[in-house]
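This briefing goes through the strand pairing, the helix packing and the nonpolar core of one model. Please keep the sequence and the coordinates at hand while reading.

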Amino acid sequence: MLLKAPLILGLIVLAPHVCSSDFMDIGSRTNYFILCVEFAVFHFNQVYPDEYAYKLLWVRRSQRKQFALIYLMELELGQTICTKEDEDLENCPLQEGPEEKKLDCTFIVDARPWLSQFFLLNSTCVQK
């Protein structure tokens, strides 16, 4: 029984290093990352309780999980003057003045692009 305790302790200490889930920096213009950003912003607009749509202003961080197509992104989103039903959000102007809202969001997206599937694993947004 005494020999098992050091083995278990060793596994507990080594496990985080062996099973590392670190993300690596990647270019924000890589194909799969761009698709994940589009998915995250679309999903955000679907579930966020606001009549106006938000659009991407800036990519603060772009990372991919090592050996997986799981992407971590930190995005700045801005509220537009368009409603969620409008088609062309890219060309929609931002709210200005006291109505202006910007959000800093972190999304983690699992991508399976060969199946056209994307899954939002985590999302957090805070108003600036």
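In this predicted model, strand β2, covering residues 52-65, and strand β3, covering residues 70-83, are joined by 10 bridges in the antiparallel sense. Within that pairing, Y54 has Q79 of β3 as its bridge partner.

**Sheet**

- The sheet is open and consists of five strands, which follow the order β1-β2-β3-β4-β5 with antiparallel pairing.
- Because β1 (23-25) and β5 (117-127) each have a single partner strand, they form the edges of the sheet, and one side of each is left without a neighbour there.
- On average, and with direction ignored, neighbouring strands in this sheet are turned by 40° against each other.

**Helix on the sheet**

- Helix α2, made up of residues 31-47, lies across β2, β3, β4 (102-112) and β5, and its course runs at about 50° to β3.

**Nonpolar core**

- The largest nonpolar core holds 18 residues, of which C36, F44, M73, L75, L77, F107 and V109 touch the most other members.
- At least two residues of this core come from each of α2, β3 and β4, and α2 gives the most, with seven residues.
- In soluble globular proteins, nonpolar side chains tend to be buried together.

**Surroundings of M73**

- Which residues does M73 touch, not counting residues up to four places away in sequence? The contacts of M73 are F33, C36, V37, A40, R61, C105, T106, F107 and V109.
- M73 is also one of the core residues that touch the most other members, a group including C36, F107 and V109.

Notes
Residues numbered from 1 in each chain as written. Predicted model: local features only at pLDDT ≥ 70, side-chain atom pairs only at ≥ 80, totals over all residues. Heavy atoms only, no water. Pairing = 2+ DSSP bridges. Helix = DSSP H or I, 4+ residues; strand = E, 2+ residues; numbered from the N terminus. Axes fitted to C-alpha atoms, helices over the stretch in contact; angles between N-to-C directions. Contact = heavy atoms within 4.5 Å. Core = buried A, V, L, I, M, F, W, Y, C linked by side-chain atoms within 4.5 Å. Buried < 20%, exposed > 50% of the residue type's maximum accessible area, 1.4 Å probe, protein only.
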